[in-house]
Amino acid sequence: MLRLSVSIACTLLLAVACTGNRARRPATLFSLLPADSTGIGFSNNLQFSEELNMYTFRNFYNGGGVGVGDINNDGLPDLFFCSNQGSNRLYLNKGGFRFEDITEKAGVASDGVWSTGVVFADVNGDGLMDIYVCKSGDLKGKHRANQLFINNGNLTFTDSAEAYGLANTGLSTHAVFFDYDRDGDLDCYLLNNSFRSVGNYDLVRDQRNIADTLGGNKLYRNDGGHFTDVTREAGIYSSKIGFGLGVTIADVNKDGWPDIYVSNDFFEKDYLYINQRDGSFREDLEGCINEISMNSMGADIADINNDGLPDIYVTDMLPEAEDRVKTKTSFETWEKYQADIAGGYYKQFVRNVLQLNRGRRLQGETRISARSVVWRGSTPRTGAGAR
């Protein structure tokens with residue numbers, strides 16, 4: 001009885017202590033600042049029409065990108081918002097969470113152009129952040145070429161995409177600038193989404209090896225102020241089945257050279273490109289990862305367990321609530337799953353996936369060995385049994 005009384009007393013004290021700690025904590029870690037305080041009133045509003053809607057343009061509701069970078073080297077991060085049906089907006093950070101809309105005078109306005117991803121990068125190596133904007137939207141629309149805004153150093157920009165060889169007209173999703181050949185300048189990987197509709201052709205083998213003349217992912221090498229398309233010679237897939245929605249750069253095998261992870265929507269598998277240190281890449285996802293998400297959306301790479309190895313996280317689109325899973329989700333049959341594997345589309349499951357980097361060496365070569373951890377909602381599960 002004495003032990004029971006002491007146990008109950010300790011439990012009550014612990015509960016009171018926890019309640020007290022909660023009471024002393026702030027209600028939130030962040031404060032929401034209104035538009036009239038910050039000066040940022042951007043909103044990406046969509047209005048569908050008979051000509052342009054989610055049936056005529058598959059990625060109608062994919063949204064737009066946000067870029068953060070210091071365009072005037074004052075130590076304050078500035079903001080760029082992509083708009084699908086309005087104009088993109090560039091906000092200059094004035095300090096104290098106050099921003100000034102300098103879109104028009106900076107020369108980066110884009111009314112009537114469907115913008116998707118945006119990236120800040122010092123493309124020409126002059127110490128000033130430039131802005132690269134990806135375009136998409138109506139296939140018959142005008143002014144669909146991607147734009148590269150070169151920083152003039154006076155809060156104005158000049159669109160120089162054509163001169164730099166980066167005025168691609170594919171259904172661009174996003175781009176990343178990185179020095180893949182370690183020659184001291186920034187090269188570009190451009191992520192494009194396929195022009196073709198998704199149909200019943202997805203079991204055909206070797207489609208990813210057929211180049212798409214209209215779009216397809218691209219790798220551009222920086223050759224001193226002009227970007228050269230080296231996609232084919234570098235071993236990068238540029239096909240019609242590349243439904244790319246995410247691209248991330250990291251040294252996944254810790255050899256000192258940047259590698260590429262691409263997340264593909266629909267039936268096509270994701271790509272993991274291992275840098276071969278000779279100007280080319282080897283796509284080796286199946287040799288490094290056990291299974292992947294099916295409808296891959298965004299992807300990110302970070303060392304989540306502090307073991308010095310970069311891990312890969314990919315999001316799927318499976319609903320979290322059980323009622324929406326039962327009413328909105330169509331799962332693949334075992335026969336379809338086996339057919340996908342036989343067709344070269346690998347082991348895919350409708351789940352968010354964390355690829356935990358185990359790091360191993362095979363035949364004298366450093367390779368990533370990932371253990372897949374897949375889950376829906378807050379309940380993690382491991383391996384293919386989580387299907």
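**Charged pairs and cysteines**

Guide: E322 has 40% relative accessibility, so it counts as partly exposed (buried is under 20% relative accessible area, exposed over 50%, partly exposed in between, with a 1.4 Å probe and protein chains only). This is a predicted model, where local features need pLDDT of at least 70, side-chain atom pairs count only at pLDDT 80 or more, and totals for chains, interfaces and linings use all residues. Residues are numbered from 1 along each chain as its sequence is written, and side-chain values use heavy atoms, leaving out hydrogens and water.

Visitor: Which residue forms a salt bridge with E322?

Guide: K326, with the closest N and O atoms 2.3 Å apart; a salt bridge here is a side-chain nitrogen of Lys or Arg within 4 Å of a carboxyl oxygen of Asp or Glu. Both residues lie in helix α6 (residues 322-328), 4 residues apart, about one turn of the helix. Helices (H or I, at least four residues) and strands (E, at least two) are DSSP runs numbered from the N terminus.

Visitor: And K326, buried or exposed?

Guide: Exposed, at 61% relative accessible area.

Visitor: How many salt bridges does the structure hold?

Guide: There are 13. One of them joins E104 and R89, at 3.1 Å between the closest N and O atoms. E104 is in helix α3 (residues 103-106) and R89 in strand β3 (residues 89-95), so the pair ties together parts 15 residues apart in sequence. R89, D101 and E104 are linked in a salt-bridge network.

Visitor: Switching topic, how many disulfides?

Guide: The structure holds 0, a disulfide being a pair of cysteine sulfur atoms within 2.5 Å. For C188, the nearest cysteine sulfur is that of C134, 7.5 Å away.
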